[in-house]
Amino acid sequence: MFLCGFSMRLSVQMTAQEVRLCGLLLQEHFGEVVAKVGTHLLKSGAQNLRTIIHETGISLDLVKKSLCVLVQHGTCVFSSGRKAPGSPTEYRTSCDRILRILRYPRYIYTAKTLYGDTGELIIEELLQRGDMTMSSTVKTVADRLTQNMEEGRSMDYSEVSSAFSKLVETHFLQRCPPMVGAGTKDSAAPATPATPAIPGTPAAPVSTAPPTPESFPDCYRVPHVTLIGRGKRRLSNEDGEDQRNAKKTKMDSEAHGDEGIYWQVNFERFHLHFRDQAIISAVANKLDQTSSEIVRTMLRMSEVTTSPTATCTKPLSANEIFRSLPSSYNIPRPILDQYLTLLVDDPMEFVGKAGESGGGMYVVNLHKALANLARATLESVVQERFGSRSARIFRLLLRKRHLEQKQVEDFAMIPAKEAKDMLYTLLSQNLVQLQEIPKTPDYAPSRTFYLYTVNQLPTARMLLQNCYKTVANLIERRLFETKESKRLLEKSQRIEAILASLQASGAEPEQLTEVEEMITAPEKQQLEALRLHINKLDSAENQVDETIFLLESYVNSTATS
């Protein structure tokens with residue numbers, strides 16, 4: 001009965017915290033109107049255009065534009081009405097899609113790490129705009145890179161196209177799925193982007209499944225694009241505005257062979273990369289660098305053959321692993337066998353043995369690895385909040401499953417009074433559960449066993465909701481700090497714009513100094529303190545998001561397994 005009530009409370013709290021965080025993310029990135037429409041859809045479920053307008057009180061034009069923004073960025077899907085054939089189109093959104101926004105900095109940083117500045121800007125542009133054609137992305141990124149280069153240098157379109165193709169080959173980018181009825185009979189025909197004009201009339205059914213190679217054969221096929229040239233610098237003078245607009249119109253009208261083929265970021269592929277990196281890092285911390293490189297090689301070999309929802313990778317023989325190891329590691333075959341045996345015998349069970357053929361068949365236990373990472377996260381939280389002795393009790397209950405209070409005192413070697421206080425504290429925070437096992441049907445206390453236990457999955461879910469609440473608090477604090485110093489920030493931005501304009505026009509140093517002195521010394525100190533505080537809040541958001549990702553991966557892996 002206690003566990004049932006706890007689950008019901010957690011379910012209500014979960015929805016409230018997720019919706020609150022989603023609303024803040026939408027408000028910060030797209031504005032209040034989009035946030036109101038998105039939050040309404042989260043709370044109400046699938047609704048048609050007329051119902052959304054009626055229940056939100058927002059005008060038709062603003063609701064249409066808001067839905068366009070949500071659909072453009074993949075946070076909202078639409079389909080024909082459920083009531084009857086020909087009923088109005090309905091729109092729905094989900095927390096999972098909106099919460100990806102929280103991870104945007106991590107996607108961009110990963111692209112920079114793997115593919116340099118070019119890969120970083122490609123991912124950044126696609127995240128900002130939702131979806132783009134390859135030619136448009138290449139031109140925009142080349143222009144941005146050229147802008148930051150020395151005078152006289154520029155970025156060739158072919159270099160950006162090469163980076164784009166590499167991102168597609170490794171499945172970090174994928175084509176937007178064609179809408180049902182929007183394509184031609186030829187499967188290779190250009191697909192229209194998943195950005196419809198918002199209809200208020202009945203529409204044909206639309207698939208809401210994410211694009212995958214299985215459902216869309218051309219998902220990862222790069223079209224032949226005829227794009228020759230180099231990036232161009234942005235004109236700095238105001239008189240060049242008309243020239244830029246005329247040039248943009250000309251660029252848009254040019255044909256490059258990829259018209260109608262739109263691309264988007266493959267979030268699931270990034271998540272698989274994050275998961276693999278977390279496992280590799282854990283092996284390195286638990287054992288050593290060589291062990292982690294062996295696991296990295298096994299994961300790299302299994303990228304294509306292993307399903308994203310699989311509990312373990314496909315079996316790999318020791319011979320295959322040895323041949324695939326980079327020569328720079330210089331690991332002899334006997335040493336490899338010893339390391340594989342060490343990994344299999346390790347209590348964390350990151351690697352398992354699946355057979356003896358080919359020198360031994362080995363797999364990476366993805367689900368067990370995520371479960372161990374989640375478990376380590378829970379233990380760390382208990383230790384930070386309640387101390388090392390409470391963490392000792394928590395680890396003991398995780399290992400022994402069910403223990404009476406006297407057994408906890410004896411095994412943990414903690415005095416009875418302290419152990420009792422710690423257990424009740426953990427119980428009050430829902431980190432430990434109490435299970436009653438009666439000897440008789442009357443549940444008399446004298447004839448009942450009271451066993452303490454830790455249910456890892458519900459505890460991980462509860463901690464996940466606490467993480468959502470923490471991130472929402474951090475965002476609200478950052479918005480409050482920014483609002484409080486709005487006047488000073490606007491003044492600083494105006495002065496920076498004036499300085500940039502003067503520097504571009506070749507102004508004298510005296511003029512630049514005079515403009516810089518428009519901000520007083522106390523204001524500079526206040527700005528510096530504000531920037532430092534905002535940076536700390538941003539850093540905290542990213543750190544909490546790493547915990548969120550681990551716990552989400554564990555919960556989802558448990559659901560599929």
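**Close-up views of a predicted model**

**View 1. Thr110 in helix 6.** Thr110 lies in helix 6, which spans residues 104–129, in a model that is predicted. With a relative accessibility of 8%, Thr110 counts as buried, because buried means under 20% relative accessible area. When residues up to four places away in sequence are not counted, Thr110 touches Phe270, His273 and Phe274.

**View 2. Packing of helix 6 and helix 7.** Helix 6 packs with helix 7 (residues 134–147) at an angle of about 125 degrees, and their axes are 10 Å apart. Helix 6 is therefore oblique to helix 7. The crossing of these two helices is right-handed. On the side of helix 6, the contact is made by Asp117, Thr118, Leu121, Ile122, Glu124, Glu125, Leu126 and Arg129. Helix 7 contributes Thr137, Thr140, Val141, Arg144 and Leu145. By class, the residues of the contact of helix 6 with helix 7 divide into five nonpolar, three polar and five charged.

**View 3. Packing of helix 10 and helix 14.** Helix 10 (residues 267–286) and helix 14 (residues 366–386) have axes 10 Å apart and pack at an angle of about 70 degrees. This angle makes helix 10 roughly perpendicular to helix 14, because angles of 65 to 115 degrees count as roughly perpendicular. The crossing of helix 10 and helix 14 is left-handed. From helix 10, Arg275, Ala278, Ile279 and Ala282 take part in the contact, where they meet Leu366, Ala369, Leu370 and Leu373 of helix 14. The residues of this contact between helix 10 and helix 14 comprise seven nonpolar, no polar and one charged.

**View 4. Packing of helix 19 and helix 21.** The axes of helix 19 (residues 486–504) and helix 21 (residues 521–560) are 11 Å apart, and the two helices pack at an angle of about 105 degrees. Helix 19 is thus roughly perpendicular to helix 21. In helix 19, the contacting residues are Arg487, Leu488, Leu489, Lys491, Ser492 and Glu496. These residues meet Glu523, Gln526, Leu527, Leu530 and Arg531 in helix 21. The contact of helix 19 with helix 21 divides into four nonpolar, two polar and five charged residues.

**View 5. Lys420 in helix 17.** Lys420 has its place in helix 17, which covers residues 416–428. Its relative accessibility of 37% means that Lys420 counts as partly exposed. Lys420 and Lys406 are 14 residues apart along the chain, and their C-alpha atoms are separated by 9.2 Å.

**View 6. Pro438 in strand 10.** Pro438 lies in strand 10, formed by residues 433–438. With a relative accessible area of 29%, Pro438 is partly exposed. Neighbours within four places in sequence being left aside, Pro438 is in contact with Tyr443, Arg447 and Thr448. The C-alpha atoms of Pro438 and Phe449 are separated by 6.1 Å, and these residues are 11 apart along the chain.

View 7. Most residues other than glycine have a negative phi. Asn330, although not a glycine, has a positive phi of about 55 degrees. The residue is found in the loop between helix 12 (318–324) and helix 13 (333–345). At 66% relative accessibility, Asn330 counts as exposed, because exposed means over 50% relative accessible area. Glu349 also has a positive phi, near 55 degrees, and is a residue other than glycine. Glu349 lies in the loop between helix 13 and strand 8 (351–355). A relative accessibility of 35% places Glu349 among residues that count as partly exposed.

**View 8. The chain as context for the close-ups.** The chain contains 21 helices and 11 strands. Of its 561 residues, 43% are buried. Among contacts between residues at least 6 apart in sequence, 67% join residues at least 24 apart. The chain exposes about 29,800 Å², of which carbon and sulfur atoms supply 53%.

Notes. Residues are numbered from 1 along each chain as its sequence is written. This is a predicted model: local features need pLDDT of at least 70, side-chain atom pairs count only at pLDDT 80 or more; totals for chains, interfaces and linings use all residues. Side-chain values use heavy atoms; hydrogens and water are left out. Axes are lines fitted to C-alpha atoms, for helices over the stretch in contact, and angles run from 0 to 180 degrees between N-to-C directions. Helices (H or I, at least four residues) and strands (E, at least two) are DSSP runs, numbered from the N terminus. Angles under 35 degrees count as roughly parallel, over 145 as roughly antiparallel, 65 to 115 as roughly perpendicular and the rest as oblique. A crossing is left-handed if the near helix is turned anticlockwise from the far one by less than a right angle, and right-handed if clockwise. Contact means heavy atoms within 4.5 Å. Ala, Val, Leu, Ile, Met, Phe, Trp, Tyr, Cys and Pro count as nonpolar, Asp, Glu, Lys and Arg as charged, and the others, Gly among them, as polar. Buried means under 20% relative accessible area, exposed over 50%, partly exposed in between (1.4 Å probe, protein chains only). Accessible areas come from the Shrake-Rupley method with a 1.4 Å probe; for residues, only the protein chains shown count as cover.
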